[in-house]
Amino acid sequence: MTDSGSSHKSSSLSKMANEDKNEYFFTASGYSPTKQEAYNLYLRKLHEHFVQIWNSNSAKVSSPEEFLKIKILGTGAFGIVYLVRKQDTGKYYAMKMLEKEKIFRLKQIEHSLYEKKILSGLNFPFVVYLKYFFKDNVYLYYVLPFIPGGEMFTHLRKMGKFEETTAQFYAAQVLLALEYLHACDLVYRDLKPENILIDPNGYIKLTDFGFCKILKGRTWTLCGTPEYLAPEIILSKGYGTSVDWWALGVLMYEMSAGFPPFYASDPMMIYEKIVHGKYKVPSHFSSELKHVLSHTLETDISKRYGNLKDGVLDFKNHKWFKSIDWEKLLINRVPAPIVPKVKSPCDTSNFDHYEDQKLKESDKCLFEDEFSDF
Ligand SMILES: Nc1ncnc2c1ncn2[C@@H]1O[C@H](COP(=O)(O)OP(=O)(O)O)[C@@H](O)[C@H]1O
Ligand SMILES: [Mg+2]
């Protein structure tokens, strides 16, 4: 992407920054508004593509018999994810199975339909997408590319905490992924290390679109993971994409500290801490990290980074991200700090071990009407 005539614009940005921002924490020669405008055009194209697929409902249909289950990669509240091999091509995928009965009981029908439609339209370097989809008498199936490097969660727990440069590398990709989703009018709502996968190059892929939703105005649903919930969700205020920027703040903190900023054994106590917005900062945090966190873990959404008039530029030009080359990062040209060991296309050694589970069967199609739109 070219940056024609940026010098004038970028100096006006730095002037603005001087006026109402603490100058010390911003890089004047960073990502200019002109660059951002050009990038917004690219995002607009991706949004058009998303809407086109959304309206055409064009996920590739397949059937469960075509996939051989090899091993469980993960389990969550609603489903099981298997490593599978497609019989005809021999290619490996991750197959997420959701039990219709459970979805119905937990009133998640709409969310699971959204998950399918959203996954179908996604097209960005740092997010997964839908390869195939199908359903049978008991389950819904989403087939995704298999990301073999494991969850960021596993690497983070193994290492205790990440160096700040490592946290910056991941946070920058998460930021670009959120910026893309928001440009598609989507709010992600489930950012956490378990949902961030590492590909063989050491770059991230965001997975789990179970709570992702198209935003029409504001929304009110309480969903997500306690430690990552924004105060406006807990306080049942209508909310928008600002909740994802809050969660990015929680993630930046957790990656750098090894534990989340708001923590207690009882979720109610976590919520209390979150709405007060008070957290302790480990002494090893750099002043740049403390500064960016104080503007991201900001309970007042009218002051929270990502949500202000300069949008993502408040992050992209912040000194904590000064070593990030945003354009090179997008095309995987920055060396990754951690490259996972992946011995073969079906290597599951980066994932926890799960005992095999007995899958349910039924002679008749369960909840046929409820899931007829799928
Ligand atoms: N595309 C994928 N490649 C590899 N592992 C995956 C993939 N998608 C999900 N997983 C694994 O399965 C786990 C659960 O999947 P997820 O979509 O997060 O389900 P849930 O909504 O139940 O949390 C993930 O945390 C991850 O470990
Ligand atoms: Mg998940």
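Author: Begin with domains. Their bounds come from an automatic or database domain assignment. Keep in mind that this is a predicted model. Here the assignment gives domain 1 (11-30 + 150-330) and domain 2 (55-145).

Reader: Where does ligand 1 lie relative to domain 1 and domain 2?

Author: Both domains give residues to the shell around ligand 1, so the ligand lies between them.

Reader: Which residues come nearest to ligand 1?

Author: The shell has 21 residues, and Gly 74, Gly 76, Val 81, Ala 94 and Asp 208 come nearest. Strands E1 (67-75), E2 (79-86), E3 (92-99) and E5 (139-145) each give two or more residues. By class, the shell divides into 11 nonpolar, six polar and four charged residues.

Reader: How far apart are the C-alpha centres of the two domains?

Author: They lie 27 Å apart. The contact takes 16 residues from domain 1 and 12 residues from domain 2. On the domain 1 side, helix H6 (164-183) and strand E8 (204-206) give two or more residues. H6 has the largest share, four residues. That side divides into 11 nonpolar, three polar and two charged residues.

Reader: Now helix packing. What describes two packed helices?

Author: The angle between their axes and the distance between the axes. Take H2 (residues 33-56) and H4 (residues 109-121): the angle is about 135 degrees, and the axes are 8 Å apart. The two are therefore oblique to each other. Their crossing is right-handed.

Reader: Which residues of H2 and H4 meet?

Author: Phe 50, Ile 53 and Trp 54 in H2 meet Lys 117, Ser 120 and Gly 121 in H4. That contact has three nonpolar, two polar and one charged residues.

Notes: Residues are numbered from 1 along each chain as its sequence is written. Chains are lettered from A and ligands numbered from 1 in the order in which they are written. This is a predicted model: local features need pLDDT of at least 70, side-chain atom pairs count only at pLDDT 80 or more; totals for chains, interfaces and linings use all residues. Axes are lines fitted to C-alpha atoms, for helices over the stretch in contact, and angles run from 0 to 180 degrees between N-to-C directions. Angles under 35 degrees count as roughly parallel, over 145 as roughly antiparallel, 65 to 115 as roughly perpendicular and the rest as oblique. A crossing is left-handed if the near helix is turned anticlockwise from the far one by less than a right angle, and right-handed if clockwise. Two residues are in contact if their C-beta atoms, placed from the backbone, lie within 7 Å. Ala, Val, Leu, Ile, Met, Phe, Trp, Tyr, Cys and Pro count as nonpolar, Asp, Glu, Lys and Arg as charged, and the others, Gly among them, as polar. A residue is near a molecule or strand if its C-beta atom, placed from the backbone, lies within 6 Å of it.
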